[in-house]
Amino acid sequence: MHLAFLLFMAWIGTWASAPVYADDNQSFENDTLRQVVHVSVGGTQVRVRFTNRFGAAPLVIGGASVAQQDEGANAKRGTQRRLTFMGSRTVTIPPHADVLSDPVRLDVVPASNLLVDTYLPDPTGPVTTHPLAEQTNYYAIGDRTGETAGAPFAYSYAKWYLIDAIDVDANARGSVVAFGDSITDGAGGIVGANDRWPDFLAQRLLALAPSQQLGVLNAGISGNRILLTQPAFGENALARLDADVLSQSGVTGAIVYLGVNDIQQSPHQYDPERIELGLQQIVERLHERGIRAIGATITPYKGWMTYDDRGEATRQAVNAFIRHGTLFDAVVDFDEILRDVRDPQRLSPAYDSGDHLHPNATAHRAMAAAIDLRTL
């Protein structure tokens, strides 16, 4: 591929997942991972970002490929593409670093599934992971990168390992990041159904003219907080903003939907001004990069195990700050959409997944429908 072409190519993020930690319970050696990702916008070329963000040792990738998914672990015949790194089929990723593959030509269909193969020849130790994939992924013994048949991939798992972004050369105007916690991450969804609110938002955007479309990147982490890092729930939002939002390709907007875990998790943050300061810092850094910031109000959680009156007062104060302040470029009022009109501290029964904190798929569709696409 000519260097001049690469220099002028505009990459748009079509899929992302936020790494959470190094999985102490999982190490690979002489294994090939075959992972399923559901893209938003399409294109004619693709590249993959591999991550060793939380790894303590160099990570050797002995081979990698990308293909269109047929069914399960099977690739569509004729779509397998070997990935290289500055022309080499292998690469070593230093600890706490990422690498981008070279671009390859592949017709990426909007709202379709891709398979990403990664061969790990050496013992990896704990590998960087996103635990709540809500997706069935596969692995095989030995180097099986680029194979069409899914039969060798006899083992399955439900996390994403070592990949955190996919870009395409889309004829779109950019990408929008959903920066959130478990509700954005898809907790309570159906495996493989792609029923998160960012997925429904992507469907709406794909109905626009190509030049008005946006890739949708999911940077949700279950349990994530704005102000406090807890190992099981990832780095706090202020700490991970650069890697999970600002470093993504073609980002023009971000929907910030965070705060309930600062309130309801122990130790509780009952001072709304602390949460508001955190939101202000996020927005200022987005604006420094010319990224529009859309604020989402915190949804009800009465009935959840840690609900209390002090937390509810904090939620109401933060929501008033989001609704009526001048911090955000636009606001989507998820609280107003999902609350029970008879008991506004609760989710509407029609939208409650059953635990009184996480909305169901019907709610996720309503949330996506409430976002004014003109604000993105």
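This is a predicted model: local features need pLDDT of at least 70, side-chain atom pairs count only at pLDDT 80 or more; totals for chains, interfaces and linings use all residues.
Some conventions to begin with. Local features need pLDDT of at least 70 and side-chain atom pairs count only at pLDDT 80 or more, while totals for chains, interfaces and linings use all residues. Residues are numbered from 1 along each chain as its sequence is written, and side-chain values use heavy atoms, with hydrogens and water left out.

I start with charges. The structure holds 21 salt bridges, a salt bridge being a side-chain nitrogen of Lys or Arg within 4 Å of a carboxyl oxygen of Asp or Glu. One of them joins Arg225 and Asp262, at 4.0 Å from N to O. Arg225 sits in the loop between strand 19 (214–220) and helix 4 (237–246), and Asp262 in helix 5 (residues 260–264), 37 residues apart. Helices (H or I, at least four residues) and strands (E, at least two) are DSSP runs, numbered from the N terminus. Both Arg225 and Asp262 are buried; buried means under 20% relative accessible area, exposed over 50%, and partly exposed in between, with a 1.4 Å probe and protein chains only.

Another salt bridge pairs Arg285 with Asp242, with 2.5 Å between the closest N and O atoms. Arg285 belongs to helix 6 and Asp242 to helix 4, so this pair ties together parts 43 residues apart in sequence. Asp242 is partly exposed, at 36% relative accessible area.

Next, the side chains of Asp343 and Lys302 meet at 3.5 Å, N to O, in a salt bridge. Asp343 is in strand 24 (residues 343–347) and Lys302 in the loop between strand 21 (292–296) and helix 7, so parts 41 residues apart in sequence are tied together. Asp343 counts as buried at 18% relative accessibility, and Lys302 as partly exposed at 26%. There is also one network, in which salt bridges that share partners join Arg49, Arg53, Asp98, Asp164, Arg240 and Asp244.

Asp181 is in the loop between strand 18 (174–180) and helix 2 (182–185). Leaving aside residues up to four places away in sequence, its contacts (heavy atoms within 4.5 Å) include Ser222, Asn224, Tyr257 and Asn261.

Now the helix pair. The axes of helix 6 (residues 272–288) and helix 7 (residues 309–324) come within 9 Å and cross at roughly 35 degrees. Axes are lines fitted to C-alpha atoms, for helices over the stretch in contact, and angles run from 0 to 180 degrees between N-to-C directions. Helix 6 contributes Pro272, Ile275, Glu276 and Leu279 to the contact, and helix 7 contributes Thr314, Ala317, Val318, Phe321 and Ile322. Pro272 touches Thr314, Ala317 and Val318, not counting residues up to four places away in sequence.

Last, the backbone. The peptide bond from Ser266 to Pro267 is cis, with omega near 0 degrees, and Pro267 lies in the loop between helix 5 and helix 6. Ala111 is not a glycine, yet has a positive phi of about 55 degrees. Glu134, also not a glycine, has a positive phi of about 50 degrees. Ala111 is partly exposed at 38% relative accessible area, whereas Glu134 is buried at 12%.
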